[in-house]
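Welcome! Take a moment to look over the chain before reading on; this short report walks through it one region at a time.

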Amino acid sequence: MKKILLAVVALLCVAAVNAQDYKNSIGLRLGYGAEVQYERHFSAENYLEVNAGLHGFGNSILANAIYNWNCFDWDWTPSAGRWFLSAGVGGAVGMWGYEKDGVNKLGAQVGVVGNVAFGIRFNTPVTLSIDYRPTIYFLNGAWADGFYNFGLTCTYNF
């Protein structure tokens, strides 16, 4: 009898973990640079994403905040997880290294960010996605540098 009761409790715990509604995520994004990423999920349809890190693996440190909307969800592989497509818009700030008249300079940077991500939320607390994040910068003649920003993101949900 004790074994049956223990098995029922174990199954209920596993079901509760898989049915948990995660509100926060933290992870790493690798692409045209390396960034630490934090997400705050407000609902199944929208979330705020904040990133900070090196841009272009160079002498630029940037941070951005993007408000994303879940556009589509697919149940292609229900035993593995749910696939999603999200899109969003936000802003970027940071310090940007640039060259002017043969002299290396460091200046402030401000920009507008877009985001389109496709990925899978596994049945475990892990999400894996690929994204394109074009950014238009306004200062120091670097407006086009953000168009090369493709990335791979892995986050842990809690």
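## Reading the model

Helices (H or I, at least four residues) and strands (E, at least two) are DSSP runs, numbered from the N terminus. This is a predicted model, in which local features need pLDDT of at least 70 and side-chain atom pairs count only at pLDDT 80 or more, while totals for chains, interfaces and linings use all residues. Residues are numbered from 1 along each chain as its sequence is written, and side-chain values use heavy atoms, with hydrogens and water left out.

## The overall picture

The protein chain has 1 helix and 9 strands. Following the sequence, the pattern reads α-β-β-β-β-β-β-β-β-β. Of its 158 residues, 34% count as buried. Here buried means under 20% relative accessible area, exposed means over 50%, and partly exposed is in between (1.4 Å probe, protein chains only).

Contact means heavy atoms within 4.5 Å. Among the contacts with a separation of 6 or more, 48% come from residues 24 or more positions apart. The chain exposes about 9300 Å², and carbon and sulfur atoms supply 71% of that area. Accessible areas come from the Shrake-Rupley method with a 1.4 Å probe; for residues, only the protein chains shown count as cover.

## Nonpolar residues, inside and out

In soluble globular proteins, nonpolar side chains tend to be buried together. A nonpolar core is a set of buried Ala, Val, Leu, Ile, Met, Phe, Trp, Tyr and Cys residues joined through side-chain atoms within 4.5 Å. The largest one here has 7 residues: Leu62, Ile66, Ala92, Trp96, Tyr98, Val113 and Tyr137. S4 and S5 are the elements that give two or more residues to this core, and S5 provides the largest share, 3 residues.

There is also a nonpolar patch on the surface, with about 980 Å² of accessible area together; among its members are Tyr32, Trp69, Val89, Val110, Ile136 and Phe147. Patches are made of residues with over 30% relative accessible area and no salt bridge: like charges are joined within 9 Å, nonpolar side chains (Val, Leu, Ile, Met, Phe, Trp, Tyr) within 5 Å. Strand S5 (81–100) and strand S6 (103–122) each supply at least two residues of the patch. Trp69, one of the patch residues, sits in strand S4 (residues 61–77) and counts as partly exposed because its relative accessibility is 42%.

## Charged partners

Side chains of opposite charge can pair when their charged atoms come close. A salt bridge is a side-chain nitrogen of Lys or Arg within 4 Å of a carboxyl oxygen of Asp or Glu, and the whole structure holds 6 of these salt bridges. Which residues are linked in a network of salt bridges? They are Arg29, Glu35, Glu49, Asp131 and Arg133.

Let's trace a few of those links. Arg29 pairs with Glu35, their closest N and O atoms being 3.8 Å apart, and both residues are buried. Glu35 also forms a salt bridge with Arg133, where the closest N and O atoms are 2.9 Å apart. That pair links distant parts of the chain: Glu35 is in strand S2 (residues 33–41), and Arg133 is in the loop between strand S7 (126–132) and strand S8 (135–137), 98 residues apart. Arg133 meets Glu49 as well, at 2.7 Å from N to O. Glu49 lies in strand S3 (residues 46–55) and Arg133 in the loop between S7 and S8, so this pair ties together parts that are 84 residues apart in sequence. Both Glu49 and Arg133 are buried.

Is Asn149 buried or exposed? Asn149 is buried, because its relative accessible area is 3%. Asn149 lies in the loop between S8 and strand S9 (150–157), and a polar contact of 3.1 Å joins its side chain to that of Arg29. A polar contact is a pair of N or O atoms within 3.5 Å; within protein, one must be able to donate a hydrogen and the other to accept it, and residues adjacent in sequence count only if both atoms are side-chain atoms. Leaving out residues up to four places away in sequence, Asn149 touches several residues, including Tyr32, His55, Asp131 and Arg133.

Asn70 lies in strand S4 and is buried, with a relative accessible area of 14%. The Asn70 side chain reaches the backbone oxygen of Ala44 at 3.0 Å. Phe118, in strand S6, is partly exposed at 29% relative accessibility. The C-alpha atoms of Phe118 and Phe84 are separated by 5.8 Å, although the two are 34 residues apart along the chain.
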